[in-house]
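Thanks for coming. Please have the sequence and the structure open.

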Amino acid sequence: MADMLAIKAETLEDVATRVFAAAGTPEDLAAHVARHLVKANLSGHDSHGVIRIPAYVSQIKAGRIVADGRPIIVKEQAGAAVVDGQRGFGQVAASFALDVAIRKAGETGIGGVSIRHCNHIGRLGDYSEEAADRGYIAFVSYGSAGPTSGHSAPFGGAQRHFGTNPISFGIPGKEKRAVVDFATTVVAEGKIQVARAKHAELPPGSIVDKEGKPSTNPEDFYAGGMILPFGGHKGYGLSLVAAFLGAGLTAESAATEGRGGGVFVMAINPRAFADEDAYTSTIDNLASAVEAVPAAPGFSKVLLPGGPEANSRAERRQSGVPVAPDTWDAIAKAAQELGVEMPKL
Ligand SMILES: NC(=O)c1ccc[n+]([C@@H]2O[C@H](COP(=O)([O-])OP(=O)(O)OC[C@H]3O[C@@H](n4cnc5c(N)ncnc54)[C@H](O)[C@@H]3O)[C@@H](O)[C@H]2O)c1
């Protein structure tokens, strides 16, 4: 594996902001997307970090991302809204939708917002963490389905049909919180990109090649292979939920050919259900009891979901973000094409 570079988060954020701005993104949106990507790196999810910069730039050039697209509310009632992402950056639309969902949850107890015409929204845990920071419970899903589309086959199927269809929950207490955030496939597609950039193998059981044979070689996936749903029929069920919520709650007319997708964001105000102190103390109490479970052989301690990301942020803010040389070169190439000067490392 090639030696990794260690780059300060501020440097990465600055490069990302300038590249997106040079590609026509208004400064505030460019900074928002850059912050999101670098926070994914800091959180240990390099698959959803700066590795995405070249692809996002290509998508802007191809017209798939409208660099200055700003989300708008197109349908609204108490507790529910539909947002149109206007094909801008997905991170901008998702943050906007979360804001609307939290406002509605503050007014009515629960706020559900679907997003149509939405691009890639990055690391879902970012939105659940933001909701938790603001004292709200969150559920976020991003799903798509359709014959021969996506990266994953349904349980028992031998053809691509689903995206990696991630889901995330954020549950805040006072001192503790849980942030659950994962693809409903064994690995996220971005993890395959990272393995490919590092010339590394994938964990066994993650993918099959185009003939359905097990493989650990990232190249087999890009040659038409499929990522498997995690937990067999159970992960498949959750993947289906993400796709059906995303497609159903953004539908403008009946889906044809079994194809569709979208984002769904829900915020819950715990204070609408329980006394604030009783709620936060209960969550802290439950969380501490989980953490107190004795560690199994091979583990040092039981962590709450979201714990590994918080630990990674603390460490990488100090030590810098590891970036594969191939990834840095690809970012430099995208920057150069836009006339953006790269920092000297
Ligand atoms: N936008 C998209 O289209 C898209 C698609 C797929 C995935 N993603 C993102 O990719 C990222 C990675 O997904 P993934 O499926 O590889 O996630 P993953 O397998 O790394 O699992 C992450 C989750 O597991 C928890 N976790 C990990 N180790 C733990 C431990 N020892 N104890 C307790 N909890 C633990 C984490 O806190 C987190 O909630 C996610 O942020 C996801 O949102 C985005």
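One definition before we start: an angle of 65 to 115 degrees between axes counts as roughly perpendicular. Also, keep in mind that this is a predicted model.

Start with α2 and helix α4, residues 90-108. Their axes are 9 Å apart, and the packing angle is about 90°. Which residues make the contact? From α2 there are Leu 29, His 32, Val 33, His 36 and Leu 37, and from α4 there are Gln 91, Val 92 and Ser 95. Sorted by class, that contact has 4 nonpolar and 4 polar residues, and no charged residues.

Now the other partner of α2. Helix α2, residues 27-42, also packs with helix α10, residues 307-319. Here the angle is about 100° and the axes are 8 Å apart. That makes α2 roughly perpendicular to α10 as well. On the α2 side the contact uses Lys 39, Asn 41 and Leu 42. On the α10 side it uses Glu 309, Ser 312, Arg 313, Arg 316 and Arg 317. By class, the contact of α2 with α10 has 1 nonpolar, 2 polar and 5 charged residues.

Next, helix α8, residues 233-248. With 16 residues at 1.5 Å a residue, α8 should span 22 Å, and its end C-alpha atoms are 22 Å apart, which agrees. Which residues of α8 are buried? They are Gly 235, Ser 239, Ala 242, Ala 243 and Gly 246. Looking down the axis of α8, these buried residues fall within an arc of 95°, so they line one face of the helix. The general point behind this is that an α-helix has 3.6 residues a turn, so residues three or four places apart point the same way.

Last, the loop between β5 and β6, where we find Gln 159. Gln 159 is partly exposed, at a relative accessible area of 44%. Setting aside neighbours within four places in sequence, its contacts are Pro 147, Thr 148, Ser 152, Ala 153, Pro 154 and Met 226. Gln 159 and Gly 225 are 66 residues apart in sequence, but their C-alpha atoms are 8.9 Å apart in space.

That is what I have; questions are welcome.

Conventions: Residues are numbered from 1 along each chain as its sequence is written. This is a predicted model: local features need pLDDT of at least 70, side-chain atom pairs count only at pLDDT 80 or more; totals for chains, interfaces and linings use all residues. Side-chain values use heavy atoms; hydrogens and water are left out. Helices (H or I, at least four residues) and strands (E, at least two) are DSSP runs, numbered from the N terminus. The expected span of a helix is 1.5 Å times one less than its number of residues. Buried means under 20% relative accessible area, exposed over 50%, partly exposed in between (1.4 Å probe, protein chains only). The arc is that of the directions from the helix axis to the C-beta atoms. Axes are lines fitted to C-alpha atoms, for helices over the stretch in contact, and angles run from 0 to 180 degrees between N-to-C directions. Angles under 35 degrees count as roughly parallel, over 145 as roughly antiparallel, 65 to 115 as roughly perpendicular and the rest as oblique. Contact means heavy atoms within 4.5 Å. Ala, Val, Leu, Ile, Met, Phe, Trp, Tyr, Cys and Pro count as nonpolar, Asp, Glu, Lys and Arg as charged, and the others, Gly among them, as polar.
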